[in-house]
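Take a walk through this model.

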Amino acid sequence: MTIQKIHDRRKLDEKLPSMPWYIEQFINYKLPDLSPSTLLEYIRDYESFLGWMMAEGLSAASAYTEVQLIELETLRMEDVTSYRLYLTTRAESTNTRVTVSRKLSSLRSLFHYLSQIAEDEDFYPLLKRNIMAKIEVKRLHKPKDTAAKLKGKILEEEELEEFVGYILEGHRETIAGNKQALYSYELNRERDACIASLILNSGLRVSEVVNLNLNDLDLNQKMLYVSRKGNNDETFKTPVYFREQARDELQTYLQLRESRYRTPRGEQALFVAKPNGHASGNRMTKRAIQAMIIKYAKYFGKPYLTVHKLRHSFATDYYLQNDIYKTKEQLGHASTETTEIYAHLTDKTMSEAIEKRKDLD
């Protein structure tokens with residue numbers, strides 16, 4: 001189990017006792033199929049909904065555990081409409097359309113389980129009436145729309161190598177007058193360039209990078225063994241290849257990893273950091289990598305660039321040289337529908353290629 005999953009499983013176990021028994025039963029039913037991270041989001045969505053029911057007088061409960069099945073069963077369509085309105089207009093924390101859609105999907109999953117799968121001692125459904133079956137949750141992000149938002153906000157062609165080069169050498173000039181920043185940069189520049197290069201030459205997610213261990217890396221085969229999102233077999237790691245460009249940065253970083261970060265003998269994390277005041281290094285966090293990329297992107301002149309957009313940058317470049325199925329496998333997408341983003345992102349390049357062909361004619 002990955003570091004993040006261990007943390008989320010712990011949080012899930014802490015929160016479950018505060019839920020009604022039927023929600024705890026649903027979570028346990030879903031546990032073999034969904035990650036602890038996803039189920040933790042479910043719990044947070046149910047806390048929001050049950051809290052709203054109590055506040056609106058739709059439940060006589062004073063705690064989540066006391067909300068009764070009959071109170072879910074007797075909800076009316078106008079109640080669900082009111083909840084949607086609450087999610088989109090509440091002053092303290094207005095939700096985006098995507099968040100509202102996700103929260104409603106969580107409720108649909110729960111209500112479907114209670115009305116179609118779970119049974120009482122007499123073999124009858126736990127929920128006799130499913131109000132959430134009437135709610136249509138529309139898909140909000142079509143690949144073409146996502147591609148439109150990404151255009152102009154990813155690295156293209158030579159920029160992929162230029163960004164890594166900037167991290168490795170160019171940033172020094174930018175911060176030449178700041179001794180503290182310069183010290184930190186000289187300490188971490190090889191590691192930081194290595195992380196950026198690896199993502200730009202493999203398309204790994206930041207969570208996959210964080211969870212990499214030393215024994216997951218095969219430099220000779222240019223391959224990593226990765227714990228991929230959506231894979232419920234904790235013992236299985238997917239082989240993911242990286243381009244030749246990333247191998248040099250990896251070799252350079254590995255040569256200094258132990259001495260520069262003073263990593264303990266038992267520390268298996270591939271990417272480590274040594275915080276100020278600490279005697280030894282330990283596994284880098286997801287937040288640290290995200291902040292690191294944002295910092296370099298700002299000075300590189302690409303303030304909109306994030307660690308996830310590095311993945312998009314690789315995917316767009318990779319798709320130009322491969323088909324949609326190879327791109328899907330390389331990125332670890334569940335379906336080609338998600339991968340279609342890159343087909344739309346490369347439309348401009350394809351049109352330019354056609355024009356070049358015309359010129360040759």
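A residue counts as buried when its relative accessible area is under 20%, as exposed when it is over 50%, and as partly exposed in between. Glutamate 190 has a relative accessible area of 11%, so it is buried. Keep that scale in mind for the other residues below.

The model is predicted. Its chain has 16 helices and 5 strands. Of the 361 residues in the chain, 43% are buried. The chain exposes about 19,800 Å². Carbon and sulfur atoms supply 49% of that area. Now take the contacts in the chain with a separation of 6 or more. Residues 24 or more positions apart account for 60% of them.

Next, a pair of helices. Two packed helices are described by the angle between their axes and the distance between the axes. Helix H2 spans residues 21–30, and helix H6 spans residues 97–117. Their axes are 10 Å apart and meet at an angle of about 95 degrees. Angles of 65 to 115 degrees count as roughly perpendicular. H2 and H6 are therefore roughly perpendicular to each other. On the H2 side, the contact is made by Tyr22, Ile23, Gln25, Phe26 and Tyr29. H6 brings Ser109, Leu110, Tyr113, Leu114 and Ile117. By class, this contact of H2 with H6 has 8 nonpolar residues, 2 polar ones and no charged ones.

Charged residues come into view elsewhere on H6. The structure holds 20 salt bridges. One of them joins the side chains of glutamate 41 and arginine 102, at 3.6 Å from N to O. Glutamate 41 sits in helix H3 (residues 36–55) and arginine 102 in helix H6. Glutamate 41 is partly exposed, at a relative accessible area of 29%. Arginine 102 is also partly exposed, at 33%.

Aspartate 45 forms a salt bridge with lysine 103, and their closest N and O atoms are 3.2 Å apart. How accessible is aspartate 45, buried or exposed? Aspartate 45 is buried, with a relative accessible area of 1%. Lysine 103 counts as buried as well, at 9% relative accessibility.

Return now to glutamate 190. This residue forms a salt bridge with arginine 189, the closest N and O atoms being 3.5 Å apart. Arginine 189 is buried, with a relative accessible area of 13%.

Finally, look at the backbone. Most residues other than glycine have a negative phi. Glutamate 157 has a positive one, near 50 degrees. This glutamate is in the loop between helix H7 (143–150) and helix H8 (159–174). Glutamate 157 is exposed, with a relative accessible area of 57%. Which value does phi take at lysine 222? Lysine 222 has a positive phi of about 55 degrees, although it is not a glycine. Its place is the loop between strand E1 (217–218) and strand E2 (223–226). Lysine 222 is partly exposed, with a relative accessible area of 26%.

Conventions:
Residues are numbered from 1 along each chain as its sequence is written. This is a predicted model: local features need pLDDT of at least 70, side-chain atom pairs count only at pLDDT 80 or more; totals for chains, interfaces and linings use all residues. Side-chain values use heavy atoms; hydrogens and water are left out. Helices (H or I, at least four residues) and strands (E, at least two) are DSSP runs, numbered from the N terminus. Buried means under 20% relative accessible area, exposed over 50%, partly exposed in between (1.4 Å probe, protein chains only). Contact means heavy atoms within 4.5 Å. Accessible areas come from the Shrake-Rupley method with a 1.4 Å probe; for residues, only the protein chains shown count as cover. Axes are lines fitted to C-alpha atoms, for helices over the stretch in contact, and angles run from 0 to 180 degrees between N-to-C directions. Angles under 35 degrees count as roughly parallel, over 145 as roughly antiparallel, 65 to 115 as roughly perpendicular and the rest as oblique. Ala, Val, Leu, Ile, Met, Phe, Trp, Tyr, Cys and Pro count as nonpolar, Asp, Glu, Lys and Arg as charged, and the others, Gly among them, as polar. A salt bridge is a side-chain nitrogen of Lys or Arg within 4 Å of a carboxyl oxygen of Asp or Glu.
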